[in-house]
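Subject: A structure for you to explore

Hi there,

Here is the structure I promised to pass on.

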Amino acid sequence: MSLLLAMPGNGALGRAIAQHAGADYADVEARPFPDGESYVRLPTDVKDRDVDLLCTLARPDAQFLSLAFAAQTARQLGARSIRLIAPYLAYMRQDVRFHPGEAVSAQCFAQLLSQLVDAVLTVDPHLHRISSLTEVFSVPARAVSAAPLMGEWIKRSVLNPVIIGPDRESEQWASVVARAAEAPYAVLSKTRRDDRGVLVEAPDLSRWMGCKPVLVDDIASTGGTVVEAAEKLTGLGFSKPVCVVVHALCNGEAETRIRAATDAFVSADTIPHPSNAIGVAHLIADAAMAT
Ligand code: R5P
């Protein structure tokens with residue numbers, strides 16, 4: 001890592017990553033013109049530099065064009081290499097054509113990014129039916145995981161925890177979190193009814209009834225998954241769970257709903273959010289320096 005350029009809204013994490021990595025740092029200037037088009041300016045000379053563009057993609061449709069302009073401009077101005085650091089990588093959940101004619105947006109988006117940059121680094125992408133980023137990217141794409149950091153936070157902060165994943169997909173995070181937290185874990189099962197509604201069922205959890213449930217997931221978007229899982233647990237007689245997620249997308253009323261259904265709500269700082277309590281700057285900096 002030689003020069004880290006942060007897209008708007010990525011400054012706090014960007015400065016922390018650059019400090020860990022000993023890299024130069026600057027903010028990309030981007031703003032809308034009065035007609036809604038995007039103005040982008042690179043703030044420093046990129047000629048012959050290895051450039052890391054930092055852009056968490058929590059609002060991808062609004063962010064993508066500025067990011068594309070920044071990457072293309074860095075290329076035109078002679079950057080030696082351009083890597084995208086996307087702490088949250090968008091569009092990974094639509095990973096299959098569920099209905100005829102649907103866009104498999106995980107593939108489409110990864111291909112668009114592959115045309116812009118030479119490599120991608122991200123944190124806990126939502127890999128479900130896609131088992132590896134290399135299936136959708138045509139440039140080197142690497143993921144690091146915040147799960148061990150989540151487990152360490154739980155070990156420091158929660159007495160006698162039992163880690164609960166809200167659905168079978170979450171076992172990949174729940175098991176790693178549990179190992180780091182030195183706690184047992186279980187996973188619930190979830191049926192998605194529509195974009196916002198889910199139905200959650202639980203196996204027999206009675207042997208952990210004396211423990212503090214800690215719900216862990218990769219993403220909180222509408223909050224529906226976490227809220228349904230929390231209500232299922234309290235309905236079974238557990239105390240309100242603590243909720244720990246990697247990416248607090250938190251659309252609409254999600255944060256309010258999650259805070260009402262849980263004892264505490266914390267997240268990694270891959271997306272700036274009031275729930276951020278787990279810093280990933282050193283995780284990203286170490287991975288960026290290793291490749
Ligand atoms: C999906 O399977 C993910 O792991 C999350 O559980 C999901 O994206 C959360 O979405 P929401 O907060 O809208 O329920």
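Below are some notes on the ligand and the pocket around it.

This is a predicted model, in which local features need pLDDT of at least 70 and side-chain atom pairs count only at pLDDT 80 or more, while totals for chains, interfaces and linings use all residues. Residues are numbered from 1 along each chain as its sequence is written, and side-chain values use heavy atoms, with hydrogens and water left out.

Let's begin with the ligand. There are 15 residues around it, and Asp-217, Asp-218, Ser-221, Thr-222 and Thr-225 come nearest (near means a heavy atom within 4 Å). Asp-217 has a polar side-chain atom 2.6 Å from a ligand oxygen, and an N or O atom in the side chain of Asp-218 is also 2.6 Å from an oxygen atom of the ligand. For Thr-225, the distance from a polar side-chain atom to a ligand oxygen is 2.5 Å.

Which class does each shell residue fall into? The shell holds two nonpolar, six polar and seven charged residues (Asp, Glu, Lys and Arg count as charged; Ala, Val, Leu, Ile, Met, Phe, Trp, Tyr, Cys and Pro as nonpolar; the others, Gly among them, as polar).

The lining of the largest pocket divides into eleven nonpolar, 13 polar and 15 charged residues (a pocket is an open set of points on a 1 Å grid over the protein atoms alone where a 1.4 Å probe fits, with protein on both sides within 12 Å along at least five of seven lines; lining residues have an atom within 4 Å of a point).

Enjoy exploring!

Terms used: A polar contact is a pair of N or O atoms within 3.5 Å; within protein, one must be able to donate a hydrogen and the other to accept it, and residues adjacent in sequence count only if both atoms are side-chain atoms.
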